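Subject: Structure handover

Hello,

Please read them with the model open.

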Amino acid sequence: MPMPDATVTSDRLVVHTAAPAETQAWGARLGARLRVGDFVALCGPLGAGKTCFVQGLGQGLGVESPITSPTFIIIRQHPGPVPLCHADAYRIASGEELEDAGLTECLRDSVVALEWADQVPASWPQDFYLIQIAFDNDGRRLELSARGEYPTQVVSELADAYSGN
Ligand SMILES: Nc1ncnc2c1ncn2[C@@H]1O[C@H](COP(=O)(O)OP(=O)(O)OP(=O)(O)O)[C@@H](O)[C@H]1O
Ligand SMILES: [Mg+2]
């Protein structure tokens, strides 16, 4: 039982999701708090649920165009109140290809969500959200963490809301 006035803050949140809709719901909770220039790095094996999480992000951002795997297009742009650039590093050879596809411009006017972000660590901006997804029995284990003042605060808020503080 948490103490009534205890403030337990954490800059890391680990949850189990039993179905795609639950993974999307976490994406939507994060997406609702994101701002232009935020970078979301998604890591996890094939079929883990990275695109599924980004679909939720899009809902949270208010993006209306359907979000599908961008695998053959390095960056797909989704207009909206807070626009989303959905990128995928799975098939690229280096971060230069992401740059050529417009990563820097995307970070100026959109939220950027990058699947397989661990393939191009040099392309990450200084501040970021990190979403690590793993298979976990029948569902998935999501770990949300962050670097930077605002992202860390957002993850703490999500973690506090989750633990009922
Ligand atoms: N708890 C869950 N969360 C997310 N996806 C789930 C879950 N349970 C089952 N799934 C299924 O797993 C698949 C996840 O696919 P998705 O395209 O999101 O993965 P991905 O990590 O983007 O894959 P890729 O590496 O090919 O880009 C979907 O078919 C989805 O229905
Ligand atoms: Mg995907």
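Gly 49 has a backbone N or O atom 2.9 Å from an oxygen atom of ligand 1. This is a polar contact, that is, a pair of N or O atoms within 3.5 Å; within protein, one must be able to donate a hydrogen and the other to accept it, and residues adjacent in sequence count only if both atoms are side-chain atoms. Two further contacts go to oxygen atoms of ligand 1: a polar backbone atom of Gly 47 at 3.0 Å, and a side-chain N or O atom of Lys 50 at 2.7 Å. Ligand 1 on its own exposes 650 Å², of which the protein buries 71%; accessible areas come from the Shrake-Rupley method with a 1.4 Å probe, and for residues only the protein chains shown count as cover.

A note on sources: this is a predicted model, in which local features need pLDDT of at least 70 and side-chain atom pairs count only at pLDDT 80 or more, while totals for chains, interfaces and linings use all residues. Residues are numbered from 1 along each chain as its sequence is written, chains are lettered from A and ligands numbered from 1 in the order in which they are written, and side-chain values use heavy atoms, with hydrogens and water left out.

The shell around ligand 1 has 16 residues, and the closest are Thr 23, Gly 49, Lys 50, Thr 51 and Arg 140. A residue counts as near if one of its heavy atoms lies within 4 Å of the molecule. Helices H1 and H2 each supply at least two residues of this shell, and H2 gives the most, with 3 residues. Helices (H or I, at least four residues) and strands (E, at least two) are DSSP runs, numbered from the N terminus.

Thr 51 also takes part in the metal site. Its OG1 and the OE of Glu 115 coordinate the magnesium ion (ligand 2) at 2.1 Å. Donors are N, O and S atoms within 2.8 Å of the metal (3.2 Å for Na, K and Ca); water is not among the atoms, so the site may look incomplete. Buried means under 20% relative accessible area, exposed over 50%, and partly exposed in between (1.4 Å probe, protein chains only).

The structure holds 3 salt bridges, each a side-chain nitrogen of Lys or Arg within 4 Å of a carboxyl oxygen of Asp or Glu. Glu 143 meets Arg 12 at 2.8 Å, N to O. Glu 143 is in strand S7 (residues 139-147) and Arg 12 in strand S1 (residues 12-17), so this pair ties together parts 131 residues apart in sequence. Glu 143 is buried at 12%, whereas Arg 12 is partly exposed at 42%. Arg 141 forms a salt bridge with Glu 143 at 3.1 Å, and Arg 12, Arg 141 and Glu 143 are linked in a network. Glu 157 forms a salt bridge with Arg 33 at 3.8 Å.

S1 and S7 run antiparallel and are joined by 6 bridges; two strands pair if DSSP finds at least two bridges between them. Glu 143 is the bridge partner of Val 14.

Regards
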